[in-house]
Amino acid sequence: MQRKPLIAGNWKMHTTIDEAESLAISIMESGLPGDRDVMLAPPFTAMKAVSQAVAGSGILLGAQNVCWEEKGAFTGEISPIMLKDAGCTMAIIGHSERRHIFGESDALVNKRVAGALKFGLVPVLCIGEKLEEREADKTFQVLEDQLRKGLEGISQEGADNIVIAYEPVWAIGTGKTATVDQAQEVHLFVRSLLADIYEKNIATGIRILYGGSVNPKNVDDLMGQEDIDGALVGGAALDSTSFSRIINFKVT
Ligand code: PGA
């Protein structure tokens, strides 16, 4: 099955509204190949402005997190309905910074995934092992745990609308990338787990992104791997020249 590549830029806690708008416009104007999806995840404050700036370009907008409730007493959270109202159609969930800096558990991540689906946002469920877990040979065990718990109770139809991002924690913002073989090995493992949880054709259709120091130099090799269907980019997504080169990856 042909999976459409997805290049996603996670801007994290960067950019004022004006900076976000200019960055989005530069990315849009640098040209977007039609055979791949591009998602930008600006800070919440800039979502609406970016949505207006890129309207009609085909660029998708993602949130960096999302609550499972539509509204109510959830101080500091953001509602899926509010995000949709601002032009957003996707949501990054369970990013390692949410898990490790803000203590988000698999159970919480699972609630967010279910909530996103309920309100029609595409969840980008992030999983990834820490360095000490990799060194202790626990990578697959950790990933299986995060994946199964993150997807608990998510139906086949839900899974059809989901994206997974594998981001080894030791490779995020560190300049260290997993080798293409390490990344492909994990992606294949994740796909086999998905095939165990869901029907094989669903597993075959789910896009699995790689994240962790993706840059213009390593993107072509990563995207050349059978089970790597896109990239979740942090640092290099804040520079329009670098991000455009990543969007325009070439597989030889
Ligand atoms: P990085 O971040 O590209 O700066 O390593 C990736 C991410 O955290 O999604």
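1. For the angles discussed here, axes are lines fitted to C-alpha atoms, for helices over the stretch in contact, and angles run from 0 to 180 degrees between N-to-C directions. The model under review is predicted.

2. Helix α1 (residues 17-29) packs with helix α12 (residues 240-247); their axes lie 9 Å apart, at an angle of about 40 degrees. Angles under 35 degrees count as roughly parallel and 65 to 115 as roughly perpendicular, and α1 is therefore oblique to α12. The crossing of these two helices, α1 and α12, is right-handed.

3. Which residues of α1 and α12 make the contact? On α1 they are L23, S26 and I27, and on α12 they are S240, F243, S244 and I247. By class, the residues of the contact of α1 with α12 comprise 4 nonpolar, 3 polar and no charged.

4. A further pair consists of helix α5 (residues 106-118) and helix α7 (residues 139-150), whose axes come within 8 Å and cross at roughly 45 degrees. The helices α5 and α7 are therefore oblique to each other. In passing α7, α5 makes a right-handed crossing.

5. From α5, the contact with α7 draws on D106, N110 and V113, while α7 contributes D145, Q146, K149 and G150. How do the residues of the contact of α5 with α7 divide into nonpolar, polar and charged? There is 1 nonpolar residue, with 3 polar and 3 charged.

How values were computed. Residues are numbered from 1 along each chain as its sequence is written. This is a predicted model: local features need pLDDT of at least 70, side-chain atom pairs count only at pLDDT 80 or more; totals for chains, interfaces and linings use all residues. Side-chain values use heavy atoms; hydrogens and water are left out. Helices (H or I, at least four residues) and strands (E, at least two) are DSSP runs, numbered from the N terminus. Angles under 35 degrees count as roughly parallel, over 145 as roughly antiparallel, 65 to 115 as roughly perpendicular and the rest as oblique. A crossing is left-handed if the near helix is turned anticlockwise from the far one by less than a right angle, and right-handed if clockwise. Contact means heavy atoms within 4.5 Å. Ala, Val, Leu, Ile, Met, Phe, Trp, Tyr, Cys and Pro count as nonpolar, Asp, Glu, Lys and Arg as charged, and the others, Gly among them, as polar.
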